[in-house]
Amino acid sequence: MIANKVVLRFASSLVGQPIIYHLVKEYDLVINILKADINPHQEGYVVLELSGDSENYNRGLKYLRDIGVEIEPLSGTIAWNRDRCLQCGACTSFCPVGALQLARPEMEVRFDESKCIVCKSCLDVCMARAVEVRF
Ligand code: SF4
Ligand code: SF4
């Protein structure tokens with residue numbers, strides 16, 4: 001038995017495909033969707049807990065890779081250092097789930113850890129190193 005939290009990213013061409021259905025039906029995997037953002041004409045992502053028999057689990061992951069889905073383990077947590085933050089706002093336009101966002105009307109950057117999917121997109125953007133991964 002294997003159980004993991006993973007982030008799946010897929011191109012717009014795959015957005016309409018019943019990927020989750022296949023994982024359940026063909027590979028007998030148990031899926032708990034934690035977060036998802038799927039738009040018809042854009043890249044989509046799903047954060048999920050995936051569990052099942054180890055052979056089925058590995059076959060399911062192979063199926064995903066074969067159709068072009070990127071798979072990343074969900075590991076660590078993101079720490080935001082308010083004191084280091086320059087309030088430049090650059091990270092907020094890269095954060096896909098609004099975990100880092102500009103609060104209005106103050107226009108202050110805020111971090112909501114409960115929304116973060118640890119995609120790490122903000123790490124490369126932040127020149128002040130105000131965000132980091134903690135394992
Ligand atoms: S990119 Fe870094 S410095 Fe700029 S707002 Fe985000 S966390 Fe703060
Ligand atoms: S890792 Fe950064 S960009 Fe990704 S969801 Fe968390 S705060 Fe947003």
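I looked up Phe 10 and found it opposite Gly 44 in E3. The two strands, E1 (residues 2-10) and E3 (residues 44-52), pair in the antiparallel sense over 9 bridges. I count two strands as paired if DSSP finds at least two bridges between them. Helices (H or I, at least four residues) and strands (E, at least two) are DSSP runs, numbered from the N terminus. E1 also runs antiparallel to strand E4 (residues 70-73), with 4 bridges joining them. There, Arg 9 has Glu 70 as its bridge partner.

A note on conventions. This is a predicted model, in which local features need pLDDT of at least 70 and side-chain atom pairs count only at pLDDT 80 or more, while totals for chains, interfaces and linings use all residues. Residues are numbered from 1 along each chain as its sequence is written, chains are lettered from A and ligands numbered from 1 in the order in which they are written, and side-chain values use heavy atoms, with hydrogens and water left out.

Entry two, the ligand. Which residues are around ligand 1? I list Trp 80, Cys 85, Leu 86, Gln 87, Cys 88, Gly 89, Cys 91, Val 109, Cys 126, Ala 128 and Ala 130 (a heavy atom within 4 Å). The shell divides into 9 nonpolar, 2 polar and no charged residues. Here Ala, Val, Leu, Ile, Met, Phe, Trp, Tyr, Cys and Pro count as nonpolar, Asp, Glu, Lys and Arg as charged, and the others, Gly among them, as polar.

I looked for disulfides (cysteine sulfur atoms within 2.5 Å) and the structure holds 0. Cys 85 counts as buried because its relative accessibility is 16%. Cys 122 is buried too, at 9%. Buried means under 20% relative accessible area, exposed over 50%, partly exposed in between (1.4 Å probe, protein chains only).

Leaving aside neighbours within four places in sequence, I find Thr 92 in contact (heavy atoms within 4.5 Å) with Leu 100, Gln 101, Leu 102 and Val 109. A polar atom of its side chain lies 2.6 Å from the backbone oxygen of Gly 89.

E6 and E7 pair in the antiparallel sense over 4 bridges. Gln 101 stands opposite Arg 110 in E7. The hairpin has 4 residues between the strands, and Met 107 takes a positive phi near 60°. Along E7 (residues 108-111), Val 109 and Phe 111 point to one face and are buried.

Methods:
A polar contact is a pair of N or O atoms within 3.5 Å; within protein, one must be able to donate a hydrogen and the other to accept it, and residues adjacent in sequence count only if both atoms are side-chain atoms.
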